[in-house]
Amino acid sequence: RDLCVSQALSAVVTAAIDQFRRWVTMDDRSALDQAASIGLLVHAASLLSTQGNEEHMIEDTVGAFRWLARVEVVFEPDSTFKHPEDCNVKVRFVDTSNDIHPLCEPQGMSAALKRTGQATAAAAAEKLTTEGKPDKVHSDSLFAETIVDIDSLSAAIEAGLPKRERVGEEGEKSKGKSNSETRKNESKSKDKEGEAVKPTGETGENTTEPGGSLMSKALKRSGAQEHATATVNMSSNASGSAGSSGGRGSKLSRFDEDSAQIRVTISWPQESFVRLVDKERAQVALQIKPVLFTLGVNEMQTVANARGSVKLQNSTNKVAWQALDQYHQHLSEHWSKSTVRDARNRAATMASIAQLMTKLRDALDKQTADGGKNVELLLLSASVARQMNGVCSTSCKSAKDRTSMFQTWEHATSTIPLGLGDETFASIVGVMRGPEGVRLANAEANTGKAVYAFNSIQQQALPHELRPPPGTTSAKVAS
């Protein structure tokens, strides 16, 4: 779960940076004023199915998106950056119930890590990788901004996400003494790694304590846990020492899950910043407003639809609709009061958004009632988000096959107002999905082969809009 939140957070920060850069380039003060007032709309289109392992992926994505609602992205000017493409990102976990009590103070932690030795942080970084061969890690810059009291951080993330219990082994006595001894050894091994497991009932179900998260286990194995707690306390309490303030009973260890927030501070080149933002404003804070729509489109979704296993998909889309509709209402109120000049005709834009919202509601009702694979549902939701100055993303399991099909279809639909005709439209889609486009190159970068990982059955299961061109697929490529 820690990994799910970090993945989603990375995508949001990237989108926010890209959007802010676009506002600067286009001198779009209206969009900036909107995002600062009612939040930055972040739309995600998921193509995962509600069958097999991908159903659990949707659950993880939904949980991560709940946490994104607690993210605030803050842009502030920095005179040390000269190039317009430069920026610096720092992440802090804060508890708003204690007057923005910082759980991570980058500068203080950086100094403390230098005193305690960077070797410990580097060793912990190596332990965090699943393959044991990490990319080049700069321990000072990475851990100075991410090491916090791991138990507090993990507890906060665990509390904010849906909990999936882990079923323990119900060993049978008839299997002999050797199996019993094996389980005891495994239990001892886990305790050494910092994973505290306690029974929750007579059924043998166990739950993993917050201290048993991936990062926590890695840090404890490397001996970095004490350093992590001490360095945070040193920055939070300047008058105390690391030894006196590193206890579990300190203020640092209290993390209220109801008020926990993630604050991302992005230092932006000052020369570029002041072009868009009034000089009297020292920073611009954007609260993230996440919206997740999901629609399974592969052969596994065909099975799920036949079995009626679409409850998760329907409930997720219902929540997304409510969030999008609420943002629409806030935008209407904001635009009615805002005095910032807008290059667009706001009356015409609001009329267009209202029309799209009606179509989206109808598509959602139809999808809920009839099932199927109505791609228009995702297209309409993304179109609405873009018209409301939101940022959009698309994902599936590997982000190279189904994602490529949807992205190219969405881009092609943007040419419809030009009146190019059906034949030209089909040609545009074919070019983007073929050798002249970038999608096959993306597939090659992931698998080593410039083909989409679809077999003949999978192609037939895809909606007509999302089927790849002839000669661009292979059944012998790992998905």
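Which residues are buried in α16?

**Before selecting anything**

This is a predicted model, in which local features need pLDDT of at least 70 and side-chain atom pairs count only at pLDDT 80 or more, while totals for chains, interfaces and linings use all residues. Residues are numbered from 1 along each chain as its sequence is written, and side-chain values use heavy atoms, with hydrogens and water left out.

**The whole chain**

Display the chain as a cartoon: it has 20 helices and 10 strands. Of the 479 residues, 44% count as buried; buried means under 20% relative accessible area, exposed over 50%, and partly exposed in between, with a 1.4 Å probe and protein chains only. Among contacts (heavy atoms within 4.5 Å) with a separation of 6 or more, 76% join residues 24 or more positions apart.

**Helix α16**

Select residues 376-387, which form α16. Here Leu377, Leu378, Leu379, Leu380, Ser381, Ala382, Val384 and Ala385 are buried. Their cover includes β1, β9, α14 (311-337), α15, β10 (391-395) and α17 (402-413). The 12 residues of α16 reach 16 Å from first C-alpha to last, close to the 16 Å expected at 1.5 Å a residue; the expected span is 1.5 Å times one less than the number of residues. Just after the helix, Asn389 takes a positive phi of about 60°.

**Helix α17 and Glu410**

Because 10 of its 12 residues are buried, α17 is largely enclosed by the rest of the structure. The buried set comprises Arg402, Thr403, Ser404, Met405, Phe406, Gln407, Thr408, Trp409, Glu410 and Ala412. Elements covering them include β1, α3, α16, β10, α18 (422-433) and α19 (439-447). The end C-alpha atoms of α17 are 17 Å apart, in agreement with the 16 Å that its 12 residues should span at 1.5 Å a residue.

Within α17, show the side chain of Glu410. Glu410 counts as buried because its relative accessibility is 10%. Its side chain makes a polar contact with the side chain of Arg386 at 2.9 Å. A polar contact is a pair of N or O atoms within 3.5 Å; within protein, one must be able to donate a hydrogen and the other to accept it, and residues adjacent in sequence count only if both atoms are side-chain atoms. Neighbours within four places in sequence aside, Glu410 is in contact with Leu379, Ala382 and Arg386.

**Asn298**

Select Asn298, in the loop between β9 and α13 (299-307). Asn298 counts as buried because its relative accessibility is 8%. Its side chain reaches the backbone nitrogen of Met300 at 3.2 Å. Beyond its neighbours within four places in sequence, Asn298 is in contact with Ser49, Glu54, Lys373, Arg402, Ala461 and Leu462.

**Strand β2**

Turn to β2, residues 71-78. Because 6 of its 8 residues are buried, β2 is largely enclosed by the rest of the structure. β2 pairs with β8 in the parallel sense over 8 bridges, and Val74 stands opposite Thr265 in β8. With β9, β2 pairs in the antiparallel sense over 4 bridges; there the bridge partner of Glu72 is Gln287. Strands pair if DSSP finds at least two bridges between them.

**The nonpolar cores**

Finally, show Phe20, Trp23 and Phe75, which touch the most other members of the 42-residue largest nonpolar core. Such a core is a set of buried Ala, Val, Leu, Ile, Met, Phe, Trp, Tyr and Cys residues joined through side-chain atoms within 4.5 Å. Elements that each supply at least two residues of this core include α1 (2-26), α3 (53-68), β2 and β8 (260-269); α1 gives the most, with 11 residues. Phe75 touches Ala16, Ile17, Phe20, Ile266, Trp268, Phe273, Gln283, Val284 and Leu286, not counting residues up to four places away in sequence. A second, separate core of 41 residues includes Leu41, Met388, Cys396 and Phe406.
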